[in-house]
Amino acid sequence: STEVGISGKYGTRYGSSLRKQCKRVEIGQHARYTCAFCGTNTVKRVSFGIWKCHGQECAKILSGGAYMLATPAAATARSTLRRPRDIASTQVGRA
């Protein structure tokens, strides 16, 4: 039905909390994401952690999260790595 969505296939099994969590994961897994290279909304999941852009000229293969392209942990790591790089670039500009 429209209320349970993709998790309707589980019926009354596994409990409502697990079905809601599974629904969130499956919606993200089957969604299309924006390609960082060509800007189109054509990135789809190929397999566990492998994503492919299905754009006309792009067709790049990306690595990402298992069920979503960009995970919260990846965003944290990106910002942590960017901070020292920004500091180093500003110090080089002063010298």
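Three aromatic pairs are present in the structure, a pair being two rings of Phe, Tyr or Trp (its six-membered ring) with centres within 6.5 Å; planes under 30 degrees apart are classed as stacked, over 60 as edge-to-face and the rest as tilted. One of them joins Tyr10 and Tyr14, with 5.7 Å from centre to centre and 80° between the planes, and is edge-to-face. Tyr10 is partly exposed at 21% relative accessibility, whereas Tyr14 is exposed at 56%; buried stands for under 20% relative accessible area, exposed for over 50% and partly exposed for values in between (1.4 Å probe, protein chains only). Another pair, Phe48 with Tyr67, is edge-to-face because the planes stand at 90°, the ring centres being 6.2 Å apart. Phe48 belongs to the loop between β1 and β2 (50-53) and Tyr67 to the loop between β3 (61-63) and α2 (72-94), so this pair ties together parts 19 residues apart in sequence. The relative accessibility of Phe48 is 59%, which counts as exposed, and that of Tyr67 is 40%, which counts as partly exposed.

The model is a predicted one, in which local features require pLDDT of at least 70 and side-chain atom pairs pLDDT 80 or more, while totals for chains, interfaces and linings use all residues. Numbering starts from 1 along each chain as its sequence is written, and side-chain values rest on heavy atoms, without hydrogens or water.

Two helices and three strands make up the secondary structure of the protein chain, in the sequence order α-β-β-β-α. These elements are DSSP runs numbered from the N terminus (helices: H or I, at least four residues; strands: E, at least two). Along the principal axes, the C-alpha atoms occupy a box of roughly 65 × 35 × 20 Å. Buried residues amount to 18% of the 95 in the protein chain. Among contacts with a separation of 6 or more, 11% involve residues 24 or more positions apart, contact being defined as heavy atoms within 4.5 Å.

The accessible surface of the protein chain is about 7300 Å², with 57% of this area on carbon and sulfur atoms; areas were computed by the Shrake-Rupley method with a 1.4 Å probe, and for residues only the protein chains shown count as cover. The protein chain carries 16 positive and 4 negative charges, whose mean positions lie 5 Å apart. Lys and Arg are taken as positive and Asp and Glu as negative, with His and the chain ends not counted.

Lys44 is located in strand β1 (residues 43-47) and is partly exposed, at a relative accessible area of 30%. Beyond its neighbours within four places in sequence, Lys44 contacts His30, Arg32, Ile50, Trp51, Lys52 and His54.

Most residues other than glycine have a negative phi. Tyr14, in the segment before α1 (16-30), has a positive phi near 75°. Ala59, in the loop between β2 and β3, likewise has a positive phi, near 55°, and is partly exposed at 43% relative accessibility.

Note on methods
The place of a charge is taken as NZ of Lys, CZ of Arg, CG of Asp or CD of Glu.
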